[in-house]
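Hi,

Here is the structure I promised to pass on.

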Amino acid sequence: MNLFQLALRNISRNAFRSWTIFLCAFYISGFALAMMLIVHGAEQSLDLANQRLGADILVVPNGSEQKVETSLLMGNPTNVWMPREVVEKIARLPEVESISPQLYLATLTNAACCSVSNMFVIAFDPQTDFTITPWLEQRLGRALNPGEAIGGMYVFTPPGEEGIKIYGTFVRLMGNLEPTGTGLDRALFISFDTAYDIARNSRTRAVEPLQIPDNSISAALIRVRRGNAAQIVSMKIEQQIPEVTAIDSPELFLSYRNQINGLAEIVWMVLAIALVLSIAIVDLIFTMAVNARRREIAVLRALGSTRRSIFFSLLAEANLLAFGGGMAGLALSALAVYLFRNLLVSSLQMPFLLPSLPELVFVLAIGILVVLAAVSISVLPPALAASRREPALAMRE
Amino acid sequence: MLISLKDVVKIYAPAKEQPVRAINGLSLEVPRGDFVAILGRSGAGKTTLLNLMAGLTRPTSGEVLVESANLWSLGDREQSRLRNRKIGFVFQFPSLLPSLTALENVALPNTFGKRLAGDEARVRAGQLLEMVGLTDKRNAFPRHLSAGQQQRVVVARALMNQPDILLADEATSNLDEQTEQEIMTLFQQIHAETGVTIVMVVHSSYLVRYATRSIQMANGKILSGD
């Protein structure tokens, strides 16, 4: 029998005390991890979406900014158009380094001519594009040929098919982009030429033709020259071309960021309150347990246990329970977030990306340390008092 | 001298209560090998005297010496080691750890002193249980033992580290007459076989016959002693 085994025996003996500490650690760690994963996953997702666009400014038709942001983040296709001449007008601005137009298209719902219902399709101009083309050059070593496409992380060719059918035309999937946790993961990227080919073919091959208004685009991505503030260039664009809205990069997905920040504030507040309450509960329960065991502790002192070993064995008991509860809470929470990630995205209407394994391990380690620290703080006063109490007095009480 | 108390005063001063002078300028010497019975009415200071001898309470003034070492000049670690190695304690109240078996309870003092390896400690604890007649109860938990059996286990535990001193505080007060006699005979047998010094608080004068020397206490002082 050693002190560790003695602590384990005491844990199994006092079921109420043990379960209370275990459950406090379980709930706090589980709740903290789930919330941290959701908030962090959403923030990371927004950052990656921003990086994926790779633009300093996104120009969209007036009044459509919310629709476009939602499309990009949640993958719901949108149909917005503005005159193509907007591109030429913006390109003339001296602050603009490059501009690339995009078309936002959607496949039909439940139609035999489309492999995937209501899929978000983004057509880009290979001549000017600076977001997809660098990736293609790096991975494919060339630009996309007509009839080829690349997809977001979760886009795949249906089994047994030669490609993804869009309005009756097959496009070959040449690769997948890294995940962002946003709607971009379920979007298909094709060149302008492919988009116009599909639109032309759709008149004879699809139940409904793909409509791309003449001389129109859905959005334009802009890079500003070094030394120019994107915010000022955005304002200049809106002044010169009143029919468009220019969203500079930090402002992009701002409503989502605000929503996430709001959620994070509430989460941290609730977590802080829960933590303080848990510390108080564990302190109370432990104080009661130590009081009930004061004679037993006095006996241990009489048998030769030092104050230090009494203190550390009480601390060990609490920390063993906290470690068990904390690990169980963290594991269950991580599993729940992983299993229900799609439900989270649809119910919270927020993008979400799971953390990488090293990030998850780091967060788990921090989580367990916080739980152990909280429980140690809770049991410190009763453990100190018990170890310092004079044995003879404890026996008399 | 194995135990010396020199002009010891112990005052309990609980918060919001009148201070109580439990030991009032008491001096006592217990030579090695003695079997001392301490008698006295309730509140005479008997238990406090025993606690002072074991270093379980700090004297308000005076000195408590065990083998010439002043208990209260030692640090907590040294004092605990001395208690673990030199003193065995039998309490008045049930003092077995409920989560441990009889054998584990007996071996418990070795957990703090680590004089014996795990297996050796178990063998020694088994021998002690045999000595107190509880070999068949080695794996029983305290709740499955009678009061007399529990007290026998406590006696065995007190002897685990082969102490020089055995302090017993009304060890038989909660037992029936027959069990009381058995336990007292056990103490007598242990004293005769091991030569351990025993200081025992007793609740009745008829128990004095088991000891080699008796002390009568009242009001925190020794009234008489042979």
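Below is what came out of it, starting with chain B as a whole and ending with a spot in chain A.

Before anything else, please keep in mind that this is a predicted model.

Chain B overall

Chain B has 6 helices and 10 strands. Its C-alpha atoms fill a box of roughly 45 × 40 × 40 Å along the principal axes. For 226 residues, a compact globule would have a radius of gyration near 17 Å, and chain B comes out at 17 Å, so the two agree. Buried residues account for 57% of the 226 residues in chain B. If you take the contacts in chain B with a separation of 6 or more, 71% of them join residues 24 or more positions apart.

As for the surface, chain B exposes about 9,800 Å², and 45% of that comes from carbon and sulfur atoms. On the charge side, there are 25 positive and 22 negative side chains in chain B, with the centres of the two sets 6 Å apart.

The sheet

Chain B has an open sheet of 4 strands, in the order β2-β1-β4-β5, with antiparallel pairing. Which strands stand at the edges? They are β2 (20-30) and β5 (69-70) of chain B; each has a single partner strand, so one side of each is left without a neighbour in the sheet. Strand β1 (residues 3-12) of chain B runs antiparallel to β2(B), and 8 bridges join the two. If you want a place to start looking there, V8(B) stands opposite L26(B) in β2(B).

A helix residue in chain B

N110(B) sits in helix α3 (residues 102-113) of chain B. Its relative accessible area is 4%, under the 20% cut-off, so N110(B) counts as buried. Setting aside residues up to four places away in sequence, N110(B) touches R115(B), L116(B), A121(B), M160(B) and N161(B).

And one in chain A

A42(A) belongs to helix α2 (residues 15-53) of chain A. Is A42(A) buried or exposed? With a relative accessible area of 1%, A42(A) is buried.

Cheers

Key. Residues numbered from 1 in each chain as written. Chains lettered and ligands numbered in written order. Predicted model: local features only at pLDDT ≥ 70, side-chain atom pairs only at ≥ 80, totals over all residues. Heavy atoms only, no water. Rg over C-alpha atoms; globule rule 2.2 N^0.38 Å. Buried < 20%, exposed > 50% of the residue type's maximum accessible area, 1.4 Å probe, protein only. Contact = heavy atoms within 4.5 Å. Areas by Shrake-Rupley, 256 points an atom, 1.4 Å probe, with all protein chains shown as cover. Lys, Arg positive; Asp, Glu negative; His and termini not counted. Charge placed at Lys NZ, Arg CZ, Asp CG, Glu CD. Pairing = 2+ DSSP bridges.
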